[in-house]
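I opened the file and kept notes as I went.

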Amino acid sequence: MTQTPTHQAQATARFTVPAKHPMVTVLGSGDALLRVIEKGFPDTDIHVRGNEISATGSSADVELVQRLFDEMMLVLRTGQPLTEDAVERSIAMLRGSADGTGSPTSPAQVLTQNILSNRGKTIRPKTLNQKRYVDAIDQHTIVFGIGPAGTGKTYLAMAKAVQALQSKQVTRIILTRPAVEAGERLGFLPGTLYEKIDPYLRPLYDALHDMLDPDSIPRLLSAGTIEVAPLAYMRGRTLNDAFIILDEAQNTNAEQMKMFLTRLGFESKVVVTGDVTQIDLPGGTKSGLKQVQEILHDVDDVHFSRLTSHDVVRHKLVGRIVDAYDRYEDGNGRDGQNGK
């Protein structure tokens with residue numbers, strides 16, 4: 001531990017872990033969680049004796065450490081185990097609220113908000129922006145989830161769709177995405193139309209298998225309760241009583257985006273997801289997802305949720321890769337081709 005500068009006010013706080021929580025659930029196996037906390041507060045001395053934890057350092061950091069343990073207790077009280085990732089994210093949220101860059105929302109509120117449970121797996125937001133995104137889906141008819149790969153845009157939207165179907169808020173789920181990557185070549189690929197477009201829709205099927213009993217999916221698809229189709233299949237339809245998700249929306253052009261949004265029917269909800277840094281449109285074509293932000297930014301009941309590399313919930317390296325690409329492109333000028 002490094003020594004805290006003497007000009008900063010020193011403080012000590014003590015925290016007693018309730019006897020009902022074994023210390024291993026608080027400190028982690030092999031003290032893994034304690035090491036995460038020590039790494040997050042390198043200028044604070046943290047000591048454990050029995051079920052008492054003390055922290056000595058600057059008054060600001062000591063206060064955050066105390067709040068962190070309070071939040072950890074709230075999570076444990078729900079029966080949910082703590083992970084290194086959850087503790088890291090809690091520290092980031094607490095620091096954000098302390099320095100004014102974040103929200104006063106409690107990390108425990110974020111980490112214990114269950115959306116869907118299936119086969120022992122619970123889907124929940126893992127970051128403050130993810131919670132805001134999920135809450136926005138509850139509160140608005142049309143929500144745009146915009147952010148880089150791995151931020152849970154589509155996955156969380158699909159979990160909300162399945163939740164809405166199971167609670168009978170809607171009678172069907174419609175999942176769609178443009179098959180722009182295939183372009184004119186689609187007609188030359190072997191097989192039926194569905195065999196041709198299947199690779200472009202496969203990620204949506206994969207997410208469904210995480211959220212529903214796999215044996216029920218063919219039945220739901222054949223009954224039309226769940227529909228997975230390319231964007232072109234939406235033209236001319238009015239979609240009532242449905243939860244509709246448009247994925248990879250950065251690959252729509254302006255006309256396709258307008259066509260899709262005007263399919264909205266009564267008692268329906270729309271979530272549009274995309275990453276404006278990953279556009280595959282032909283050169284000179286403006287992304288409908290980029291344009292729609294200018295057109296609908298002040299329309300009531302339409303919400304734009306923006307996620308960043310800090311919300312990436314895949315391997316930690318993915319967030320660093322996203323940041324590295326952003327720095328590179330900012331330094332060299334954004335690619336002028338492909339509508340980027």
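My entries below go from the whole chain to single residues.

**Entry 1: overall counts.** I am working with a predicted model. The chain has 340 residues, and buried ones make up 46% of them. Then I looked at contacts with a sequence separation of 6 or more: 71% of these link residues 24 or more positions apart.

**Entry 2: the largest nonpolar core.** Which residues have the most contacts inside the largest nonpolar core? I found Met 158, Leu 175, Leu 208, Met 211, Val 228, Phe 243 and Ile 245, in a core of 33 residues. I then asked which elements supply at least two residues each. The helices are H6 (128-139), H7 (153-166), H8 (193-211) and H9 (217-222). The strands are S7 (172-177), S8 (226-230) and S9 (242-246). H7 gives the largest share of this core, with eight residues. I also noted a second, separate core of 26 residues, which includes Val 26, Leu 34, Val 65 and Met 73. As background, nonpolar side chains tend to be buried together in soluble globular proteins.

**Entry 3: Ile 245.** I picked Ile 245 from the core list. I left aside neighbours within four places in sequence. Ile 245 is then in contact with Ala 157, Met 158, Ala 161, Ile 174, Leu 175, Thr 176 and Val 271.

**Entry 4: H6 against H7.** How do the axes of H6 and H7 cross? They come within 11 Å, at roughly 40 degrees. That makes H6 oblique to H7, because an angle has to be under 35 degrees to count as roughly parallel. The crossing is right-handed. From H6, I listed Gln 130, Tyr 133, Val 134, Ile 137 and Asp 138. They meet Lys 153, Leu 156, Ala 157 and Lys 160 of H7. By type, the residues of this contact divide into five nonpolar, one polar and three charged.

**Entry 5: positive phi.** Most residues other than glycine have a negative phi. Asp 31 has a positive phi of about 60 degrees. Asp 31 sits in the loop between H1 (23-27) and H2 (32-40). Its relative accessibility is 35%, so I logged Asp 31 as partly exposed. Asp 241 has a positive phi of about 50 degrees. The loop here runs between S8 and S9. Asp 241 is partly exposed too, at 23% relative accessibility.

**Entry 6: Ser 54.** Is Ser 54 buried or exposed? I logged Ser 54 as buried, because its relative accessibility is 14% and the cut-off is under 20%. Ser 54 lies in strand S3, residues 52-58. Beyond its neighbours within four places in sequence, Ser 54 is in contact with Ala 13, Arg 14, Asp 45, Ile 46 and His 47.

**Entry 7: Gln 293.** Where is Gln 293? I found Gln 293 in helix H11, residues 288-296. Gln 293 has a relative accessible area of 18%, so I logged this glutamine as buried. Not counting residues up to four places away in sequence, Gln 293 touches Ile 146, Val 276, Phe 304 and Arg 306. I also checked His 303, which is 10 residues from Gln 293 along the chain. Their C-alpha atoms are separated by 9.8 Å.

How values were computed: Residues are numbered from 1 along each chain as its sequence is written. This is a predicted model: local features need pLDDT of at least 70, side-chain atom pairs count only at pLDDT 80 or more; totals for chains, interfaces and linings use all residues. Side-chain values use heavy atoms; hydrogens and water are left out. A nonpolar core is a set of buried Ala, Val, Leu, Ile, Met, Phe, Trp, Tyr and Cys residues joined through side-chain atoms within 4.5 Å. Buried means under 20% relative accessible area, exposed over 50%, partly exposed in between (1.4 Å probe, protein chains only). Helices (H or I, at least four residues) and strands (E, at least two) are DSSP runs, numbered from the N terminus. Contact means heavy atoms within 4.5 Å. Axes are lines fitted to C-alpha atoms, for helices over the stretch in contact, and angles run from 0 to 180 degrees between N-to-C directions. Angles under 35 degrees count as roughly parallel, over 145 as roughly antiparallel, 65 to 115 as roughly perpendicular and the rest as oblique. A crossing is left-handed if the near helix is turned anticlockwise from the far one by less than a right angle, and right-handed if clockwise. Ala, Val, Leu, Ile, Met, Phe, Trp, Tyr, Cys and Pro count as nonpolar, Asp, Glu, Lys and Arg as charged, and the others, Gly among them, as polar.
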